[in-house]
Amino acid sequence: MTCPTCNSDNPDVAFYCHKCGTSLRGSASTRAGSYAVQSSEGVNQFALISTIMPATNRETADNYRWAMIASAVLIIGATAFGLLPIAVAAAAFLIPVAYLVYIYDVNLWEDAPAPVVVGLFLVTGGLSVLVSLIFYRWVFESQFLEMVGGSARGEATSLSIPALLIFAILLPVVAEVVKNLPGVLLARMPQFDDMIDGLTFGVAAGTAYAAFETIVVFSSVFTSGDFRTEQGLSTWIVVIVNLMVVKSLIYGTATGIAVAAFSGKGEGYDGFTPYYVKNFAFAAGVNILYWLGVRLAAYLPFGQTIGLLWGFVILGVLVIRIRVMMQAALLEAAIEDAAKAGTSKRDSFVETFCPECENMLLVGAQFCIACGTSVRSTSHQARKHMNSSPQGGVA
Ligand SMILES: [Zn+2]
Ligand SMILES: [Zn+2]
């Protein structure tokens, strides 16, 4: 069977072209029903794990899902018992630590020493502490306290426009620059020039920034001396879930989009292109929308709950955006490579198996012909095994 998109020859049993990933059955050549990173899911599906942890297969993704659910239960349980220092610390570091474990676990960059990732985490964290101290303590503390106090009393008339501009517009933009810096520096290195690498650095930096910001903003929980709190716990649960867990996912996914755009599709990084500028603006804009919504909703009855729902809406938009972006990048880069004939460094060379469905991959495949999963969305470790040539060398 010849592929209608790239003219590669495929076996008659193929469901997807092994070179460009085009669906060979039916008219679904756009593949909206099958995400190239995890082919059993649709592109427009709100699936968090396969979006921010693209190198997991279905089995390991399930482990992360359970670990996240268990941690969420722990956080909500600690809050319900009024153990706020535990709840806040756990909520701040839940997502970033899970993410570090993921990077270590799938051994995403085996030639990249783990210190690179830990360094990214700590450098971003240090910058986050600095920016957060400047905004929340050193320079604009009175505006911040006035805004939070006014909304806590539900006095819409006390709404301060300068405070809103500082904390819902200026801070998100400054923070987005800081979150992009370390990821962009790493994405310039030749061993990390894939779009998936950029995405991973961006998510790691965004979640690290969120964690350290949370610790600065809620530091009074740790310094007040009251280990147990009994008042306002139902509000605390909503605040902890939104301003710590959902926030960290929003920061991570938004920065992931920006740094992935910096990497660009195909080999080598694209750098400061209009495509990057557009996606950086998108990331900063989404952060502004999130904070405007949270700060304004706080003045309404049930404001914290409205803010939480708003956070989920924003997160949904970000997740779909990443999936559409990754899908387009994986399919377009594969078609370009297929058109160039010859083999790229990302093809498989020897008999090897699809990490997703365990069917055998064709020699030189970029996609599994059975399930359509992209070989490039697997970890570098899995790819290195695929790329070991029969002579024992590494291609
Ligand atoms: Zn094809
Ligand atoms: Zn497969």
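A crossing of two helices is right-handed if the near helix is turned clockwise from the far one by less than a right angle. I wanted that in hand before opening this predicted model.

**Entry 1: α4 and α7**

I started with α4, and found that it passes α7 in a right-handed crossing. On the α4 side, the contact is made by V117, L120, F121, T124, G125, S128, V129, S132, L133 and Y136. From α7, I noted F201, A204, A205, A208, Y209, A211, F212, E213, V216 and V217. Next I looked up the axes of α4 (residues 114-139) and α7 (residues 195-217): they come within 8 Å and cross at roughly 40°.

Is α7 mostly covered, or mostly open? Mostly covered: I found 21 of its 23 residues buried.

**Entry 2: α6 and α9**

I then turned to a second pair. The axes of α6 and α9 come within 9 Å and cross at roughly 40°. That makes α6 oblique to α9. I logged this crossing, α6 past α9, as right-handed. The α6 residues making the contact are E176, K179, N180, G183, V184 and A187. Their partners on α9 are Y251, T255, A258, V259, F262 and S263.

**Entry 3: I166**

Staying with α6 (residues 161-187), I picked out I166, which lies in it. Is I166 buried, exposed or partly exposed? I166 is partly exposed, because I find 17 other C-beta atoms within 10 Å, and a buried residue would need 20 or more. Leaving aside neighbours within four places in sequence, I see I166 in contact with F140, Q143 and L171.

**Entry 4: the core**

How many residues does the largest nonpolar core have? I get 108, and those with the most contacts inside it are A91, A204, I250 and L318. The largest share, 17 residues, comes from helix α9 (residues 233-263). I followed up L318: apart from neighbours within four places in sequence, it is in contact with I250, T253, A254, I257 and V286.

**Entry 5: α5**

A quick check on helix length came next. At 1.5 Å a residue, the 12 residues of α5 (residues 141-152) should span 16 Å; I find the end C-alpha atoms 16 Å apart, which agrees. After α5 comes G154, and I note a positive phi there, near 70°.

Most residues other than glycine have a negative phi. With that in mind, I looked up two residues. F302 has a phi near 55°, a positive value in a residue other than glycine. I located F302 in the loop between α10 (274-297) and α11 (303-339). F302 is exposed, with 12 other C-beta atoms within 10 Å.

For E358, phi is near 65°, again positive and again not in a glycine. E358 lies in the loop between β1 (352-353) and β2 (360-361). I count E358 as exposed, because it has 11 C-beta neighbours inside 10 Å.

Key
Residues numbered from 1 in each chain as written. Chains lettered and ligands numbered in written order. Predicted model: local features only at pLDDT ≥ 70, side-chain atom pairs only at ≥ 80, totals over all residues. Helix = DSSP H or I, 4+ residues; strand = E, 2+ residues; numbered from the N terminus. Contact = placed C-beta atoms within 7 Å. Core = buried A, V, L, I, M, F, W, Y, C linked by C-beta atoms within 7 Å. Expected span 1.5 Å × (residues − 1). Axes fitted to C-alpha atoms, helices over the stretch in contact; angles between N-to-C directions. Parallel < 35°, antiparallel > 145°, perpendicular 65-115°, else oblique.
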